[in-house]
Amino acid sequence: MAPPPLGLYVHLPWCVRKCPYCDFNSHETRGAVPVEAYTDALLLDLDRELARAPGRPVESVFIGGGTPSLFPPEAVARILDRLGSRLGDAPEITLEANPGTVDEARFSGFRLAGINRLSIGVQSFQPQLLQRIGRIHDGAEARRAAEAAHAAGFERINLDLMFGLPGQTVAQAVADARIAMELQVAHVSHYQLTLEPNTVFYSRPPTLPDDDLAWEMQNSCGTLLHGYGLHRYEISAWARPGEACRHNLNYWGYGDYLGIGAGAHGKLTHPNGQVIRYRKVRVPAAYMRPGTATRDAACWEVPEAERPLEFLMNALRLQQGFTMSLFESRTGLDGACMRDSLATLEAEGLLRCEGETIRTSRLGMNHLDSVLQRFLPEAVS
Amino acid sequence: MKRIRNFSIIAHIDHGKSTLADRLIERCGALTDREMSEQVLDSMDLERERGITIKAQSVALRYTAQDGDTYQLNIIDTPGHVDFSYEVSRSLAACEGALLVVDASQGVEAQSVANCYTAVDQGLEILPVLNKIDLPAADPERVRQQIEEIIGLETEGMLKISAKTGEGVDDLLEALVQRIPAPVGEPDAPLKALIMDSWFDNYLGVVCLVRIYNGQLGKGDRIQVWSTKREFQVDQVGIFSPKKTPLAALNTGEVGYVVAGIKDIDGAPVGDTLTHVQRPCTERVPGFKVVQPRVFAGMFPVSSDDYENFRDALAKLRLNDASLQYEPENSQALGFGFRCGFLGMLHMEIVQERLEREYNLDLITTAPTVVYEVLTTRGGLLSISNPTALPPGNEVEEIREPIIQANILVPQEFVGNVIALCEEKRGDQKDMQFVGQQIALTYELPLSEVVLDFFDRLKSSSRGFASFDYEFLRFQAANLARLDVLINGEKVDALAVIIHREDAHRRGRELTDRLKEIIPRQMFEVAIQAAIGNQIVARSTVKALRKNVTAKCYGGDISRKRKLLEKQKAGKKRMKQVGKVDIPQEAFLSVLQVDNKS
């Protein structure tokens, strides 16, 4: 069985300020970011990770956070250089950046370091909304960040936009999408604010637009994005043709990925068909301690019974769905094991099975969680 | 026999019956301090928590009076709630006297009045006792007037006590001895004994609490139960002092227990008569009747795996509760369960609570319904205790509902509210009398209106001051129909209720509105309809859920997302599926709550 494509995720866990809705493994800087020490640890981590998947080229790199743009381009260069010949041909290398931490010079530096795609955490262009969700930037800074990215020569830019923000109107949501389009980006991640456990917003919830209003925002923004030639290729991802994020597509295709950095997750398919998942120590200070970065905090095998759910949790997010042969090659299972469930869901109008291809219907896409529940293995071992 | 005094204590909840009993036990030295646990008489935990007595009990005490003689005082405890009025009457039948205990600050309440009347009817000597005179709010003079005006009792020689501090208890004991008559009876006549109560003991089988009217009941006697004609050999007799104390025999006038190898509680019906096989008495103790459940509800285990446990638990409760009835019921919506019959709402609540607490069962109880009589077009008379069993309209000649007489006692300032409530509940006023500052109202009411939420509404419309008691009168023809609930076109049997046709639109609307609030939004629109026959009387719609999908899911950490799915699925599992619609358990109780929004 040919191994799936391989990506690399790099986690840089610091932010200037922790946003009240954010449940990612991110930490406020409180003084200078320990760039050198952390990068040293990352390199050790990377060496070991590369050895975990010997000979397999890294097709995409995603440097996420936190706020990776807090790291100087030189540190990013050190990491990418270390990949050397293990980088595949024409790899996609994305860096997350937040307005308020970047300018054109810094972006140019990242480009020189090897970054060829930027993902900018704009969230909104409305200053009062940005303030309400605890962002450090304002609308003008958000625009400037996108313009600086263009000026630095980046051709592939994603803007993160959120909707369903406290007090947001449909008109404001649409205005944000329009500004994003006017900034000439080919990719938008357009996702609804949700209240996640272990966040400030979860313990002290702000008043959010109700379901019907959020639904209208999603639809109105969708219509606008569509009008600008973007397609919704995943639940929350919009792109012009050919501009989809390849690194994320690999996740959604149940591909493999190495994970380096504090709290980073990895998934690998072994030549014997075993699928393993692992993660690194979450707390940055602990991660930087000698010997820690090269150890998994946890590592487990994904049993066969769990693989259909894991695969579908990812693959059904894509508008194009998946083919049965992809399912079989990525999970090592016989597609027949899902036949009954798929037939039921098709009969209920939640899935469409056309030849080899299986995808959600419109209803199924909007109720993906209900679809996926059917694939939860009955007994959890 | 001359030195026996059989009496019960009549008191409203919280007026201090149990505390007084404790004090009497203590004064007679029946228990050491260490054995004196609070409130000896109410032995079930649930009784203690609710402050009410469910089962009758008795305690025999030895009291040496000022005249130098030692008397046997039998305190016979009586249940204190409308649901158990038959049990009350049987307990009172075993007494020659009663203490009417009234809280000196709260005054007389309807429950005491009702029990007191039963006692008067049975010719008991009643001693009014004012309790809690140590409280600053005590108003003995006002309450004394109430007792005279409302109950019509002479209050001369009324006793004033504080069961808590013990003040006045010695005088009370003397008064008991002097004023309550000794039992009369013929020791040489054939045995005639009343079964006041019976319960199941894991070691002994059925234990009967009896009062001997004539003759003597001894160990080894062969006895017969009047109604069943079944014969038993007496293994043990004795008294509770309050510890169980075996004796050689129980004599005329005494109260005690009998163990006779009776296997189940139906073998010793409350109110029945025991006599000897060899030399039977010629007539039974009057007043016996077979207790009929008046309120029925379906009970279903939330998890179908619990069905067996549920059945076993009901069987165990039934061992001690002859008035509990049950038979298997199969609901399309709720699966396998039991249709259970109860004396009233309190009885139902107690059973439900015991099942959940003592047997760890998670149950869905459908809205309680009363028993209706249905006259069919073919001349048959059916007894309907489940709305789904109502025959189709063209086979029904007439539906009759049970009517009760409600006796309500309410302070004047709230009488308007209470009358409005009774009218709303289709009540028919029979009497209204001023008794001091209170008003005694007599209404005829359909029992179905009372079982819903009448008691709670009565309390809230009178700031808790109104009290209430009822008795069954008759079945009466009424314009009734079954209100069905349809969810996405499918009839949900467990939600059906029998209602008055003129209430159909209001009840239908309240029910559909309430269900709309309870049923969560689903992938598709859910239509809720209330219908009588083929006619839709109300409808509401639960709009479709727009989406149920996690916005953000980057491949990295998928465990959290998985947990979310599990949580969603678990939530769904707790609901009942009707067709494709998931219905939360609360929905099945919503039928109960429709009247709350007035």
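Predicted model: local features only at pLDDT ≥ 70, side-chain atom pairs only at ≥ 80, totals over all residues.
Residues are numbered from 1 along each chain as its sequence is written, chains are lettered from A and ligands numbered from 1 in the order in which they are written, and side-chain values use heavy atoms, with hydrogens and water left out.

The structure holds 5 cavities of 30 Å³ or more, where a cavity is a set of points, on a 1 Å grid over the protein atoms alone, at which a 1.4 Å probe fits but cannot get out, and where lining residues have an atom within 4 Å of a point. Grid points are joined across faces, edges and corners, and a volume is the space filled by probe spheres set on the points. The largest cavity contains about 170 Å³ of space and has a lining of 17 residues, with B:Tyr372, B:Ser448, B:Leu452, B:Ile498 and B:Arg507 lying nearest its centre. At least two lining residues come from each of β21 (369–370), α10 (447–460) and β30 (497–500) of chain B; helices (H or I, at least four residues) and strands (E, at least two) are DSSP runs, numbered from the N terminus. Sorted by class, this lining has 10 nonpolar, 3 polar and 4 charged residues, where Ala, Val, Leu, Ile, Met, Phe, Trp, Tyr, Cys and Pro count as nonpolar, Asp, Glu, Lys and Arg as charged, and the others, Gly among them, as polar.

The second largest cavity has a volume of about 120 Å³, and its lining includes A:Phe163, A:Tyr191, A:Arg232 and A:Trp238 from chain A as well as B:Lys547, B:Val549 and B:Ala551 from chain B. Strand β8 (residues 187–192) of chain A gives the largest share of this lining, 3 residues, and the classes here are 6 nonpolar, 4 polar and 2 charged.

We turn next to helix packing. In chain A, helix α6 (residues 170–182) and helix α8 (residues 211–227) pack at an angle of about 25°, with their axes 9 Å apart; axes are lines fitted to C-alpha atoms, for helices over the stretch in contact, and angles run from 0 to 180 degrees between N-to-C directions. α6(A) and α8(A) are therefore roughly parallel to each other, given that angles under 35 degrees count as roughly parallel, over 145 as roughly antiparallel, 65 to 115 as roughly perpendicular and the rest as oblique. Residues of α6(A), including A:Val170, A:Val174 and A:Met181, meet residues of α8(A), among them A:Leu213, A:Met217 and A:Leu224, where contact means heavy atoms within 4.5 Å. This contact of α6(A) with α8(A) has 10 nonpolar, 1 polar and 2 charged residues.

Also in chain A, the axes of α2(A) and helix α3 (residues 104–113) come within 8 Å and cross at roughly 15°, so α2(A) and α3(A) are roughly parallel to each other. A:Pro73, A:Val76, A:Ala77 and A:Leu80 in α2(A) meet A:Arg106, A:Gly109, A:Phe110 and A:Ala113 in α3(A), and these residues divide into 6 nonpolar, 1 polar and 1 charged.

In chain B, helix α7 (residues 307–319) and helix α8 (residues 345–358) have axes that come within 11 Å and cross at roughly 125°, and α7(B) and α8(B) are therefore oblique to each other. B:Phe310, B:Ala313, B:Leu314 and B:Leu317 in α7(B) meet B:Val351, B:Arg354 and B:Leu355 in α8(B), a contact with 6 nonpolar, no polar and 1 charged residues.

Two backbone details remain. Most residues other than glycine have a negative phi, and most peptide bonds are trans. A cis peptide bond, with omega about 20°, joins A:Gly65 and A:Gly66, and A:Gly66 is found in the loop between β4 (58–65) and α2 (73–83) of chain A. A:Gln123, although not a glycine, has a positive phi of about 70°, and A:Gln123 is found in strand β6 (residues 117–123) of chain A.

Note on methods
1 Å grid on protein atoms, 1.4 Å probe; cavity = no way out; pocket = protein on both sides within 12 Å on 5 of 7 lines; lining within 4 Å.
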